[in-house]
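User: I'm new to reading protein models. Could you walk me through this one, feature by feature?

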Amino acid sequence: VQHGLPYLTLAWRAEGLSLAQIGLLVSAPLLGLVLTLIAWGGLADRFGERVVMTAGLATGAAALAGAATAASPLATGLWLVLAGGGSASVHAAS
């Protein structure tokens, strides 16, 4: 999620997005990661690492599917925040 989005910069520019909008989209997963990292750590302590990583990666995959089908940059950004939040489970539990 975090490392692949910069490669979409040219495609987003071709769609008419400004560099500021692209910067927000590229950084959106990091916002989700920061917002949910401590919560995932608490869940890992309570339910175990495997459950937390499975739930987080499933959330991230579903959010990326939502981002791929989103109709507006705002919706895409919100989906990417959620995808970043799901990916934080791996950082907290592994």
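Analyst: Let's start with the surface. This is a predicted model, and the accessible surface of its chain comes to about 5,700 Å², with 70% of that belonging to carbon and sulfur atoms. Buried residues make up 32% of the 94 residues.

User: What box do the C-alpha atoms of the chain fill along the principal axes?

Analyst: Roughly 45 × 20 × 20 Å.

User: How many helices and how many strands are there in the chain?

Analyst: You'll find four helices and zero strands. Read from the N terminus on, the elements go α-α-α-α. As for contacts between residues at least 6 apart in sequence, 65% of them join residues at least 24 apart.

User: How do I describe two helices that pack together?

Analyst: The general idea is that you give the angle between their axes and the distance between those axes. Now try it on helix H3 (residues 49–69) and helix H4 (residues 73–93): their axes come within 8 Å and cross at roughly 160°. An angle over 145 degrees counts as roughly antiparallel, so H3 and H4 are roughly antiparallel to each other.

User: Which residues of H3 and H4 make the contact?

Analyst: On the H3 side they include Val-52, Met-53, Gly-56 and Leu-57, and on the H4 side Trp-79, Leu-80, Gly-86 and Ser-89 are among them. Sorted by class, this contact has 13 nonpolar, eight polar and one charged residues. As for handedness, H3 passes H4 in a left-handed crossing.

User: At what angle do H2 and H4 pack?

Analyst: Helix H2 (residues 19–47) packs with H4 at about 40°, and their axes are 5 Å apart. That angle makes H2 oblique to H4. H2 passes H4 in a right-handed crossing. The residues of this contact divide into 14 nonpolar, 11 polar and no charged.

Definitions and conventions: Residues numbered from 1 in each chain as written. Predicted model: local features only at pLDDT ≥ 70, side-chain atom pairs only at ≥ 80, totals over all residues. Heavy atoms only, no water. Axes fitted to C-alpha atoms, helices over the stretch in contact; angles between N-to-C directions. Helix = DSSP H or I, 4+ residues; strand = E, 2+ residues; numbered from the N terminus. Parallel < 35°, antiparallel > 145°, perpendicular 65-115°, else oblique. Left-handed = near helix turned anticlockwise from the far one by under 90°. Contact = heavy atoms within 4.5 Å. Nonpolar A, V, L, I, M, F, W, Y, C, P; charged D, E, K, R; others polar. Buried < 20%, exposed > 50% of the residue type's maximum accessible area, 1.4 Å probe, protein only. Areas by Shrake-Rupley, 256 points an atom, 1.4 Å probe, with all protein chains shown as cover.
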